[in-house]
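Dear colleague,

I am passing on the structure below for you to look over. My notes on its salt bridges follow it.

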Amino acid sequence: MRDETEDGPEPFEPGWRERLWAVGAALGRLLETRTAIFQEELAQKGDLLGKALLGFFVALLFGTIAGLLLTALLAALLARLFGSPVLGILVTLVLYLGVAAGAGAVAVKKLSRLRPFEFPATRSEIDRDLEAVRQAAGVGAREPRGEGPDTRDLPAGARGETTEEMEARLREGAG
C-alpha cells in the first residue's frame, strides 16, 4: 500500500468545463480591456470634436458679422454715390436679392437633374454580376446580347476556366 504523503497530491487535470470557463473568463477580461481602451479613445475623440465644433461656430459667427459689416459698407458707399441713404440701402437690398435669386435658380436647375434613386451604372454592373452567377449556376441562363456568342458570360466549366478565374473575372467586372 502506498502512502499519499510520500508522493504528494495528484496533479489536477482540468476537464472541458473548466477549460470553457477559463476561455470564457479570458474572453471576458479581454472584452473588458478592449472596452476600456475604446471608451478612452472615444473620450479623446469627443474632446477633439467638441473643440473643433466650437472653432467652427466661432468662425461662422465672425464670418456672419463680417458679412453684415460688408453689407453696411456697401450700403454706405451706394448711399454716398446716389446721395440718399434710403436709395443706397434699397440698391444694396436689390443687389443681394438678385444674387440670392441667381444662386437659387442655379440650385433648382441642378436639383432638377438629380435622380436620387437612379444609379444606372451600378444597376448595370449588378445585372451583369447576377447574370454571370445565374449562368455559372446553370439557372435561367439567357443568351448574351450582341454579335455572336460571348464566351465571357459562359459558365466556368464550359470555358474550361477554374472557379478562381471566374471569381477574378467577376471582381474585374465589379471594379
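E125 is partly exposed, its relative accessible area being 25%, where buried stands for under 20% relative accessible area, exposed for over 50% and partly exposed for what falls in between, taken with a 1.4 Å probe on protein chains only. Please bear in mind that this is a predicted model, in which local features need pLDDT of at least 70 and side-chain atom pairs count only at pLDDT 80 or more, while totals for chains, interfaces and linings use all residues. Residues are numbered from 1 along each chain as its sequence is written, and side-chain values use heavy atoms, with hydrogens and water left out.

The structure holds four salt bridges, the term meaning a side-chain nitrogen of Lys or Arg within 4 Å of a carboxyl oxygen of Asp or Glu. In one of them E125 meets R128, at 3.3 Å from N to O; the two are three residues apart in helix α4, about one helical turn, and R128 is partly exposed at 41%. Helices here are DSSP runs of H or I with at least four residues, strands being runs of E with at least two, numbered from the N terminus.

Helix α4 (residues 120-137) also holds R123 and D127, four residues apart, whose closest N and O atoms are 3.6 Å apart in a salt bridge. R123 is exposed at 54% relative accessibility, whereas D127 is partly exposed at 36%.

R134 and E131, three residues apart in helix α4, form a salt bridge with the closest N and O atoms at 3.1 Å. Here R134 is partly exposed at 31%, while E131 counts as buried at 12%.
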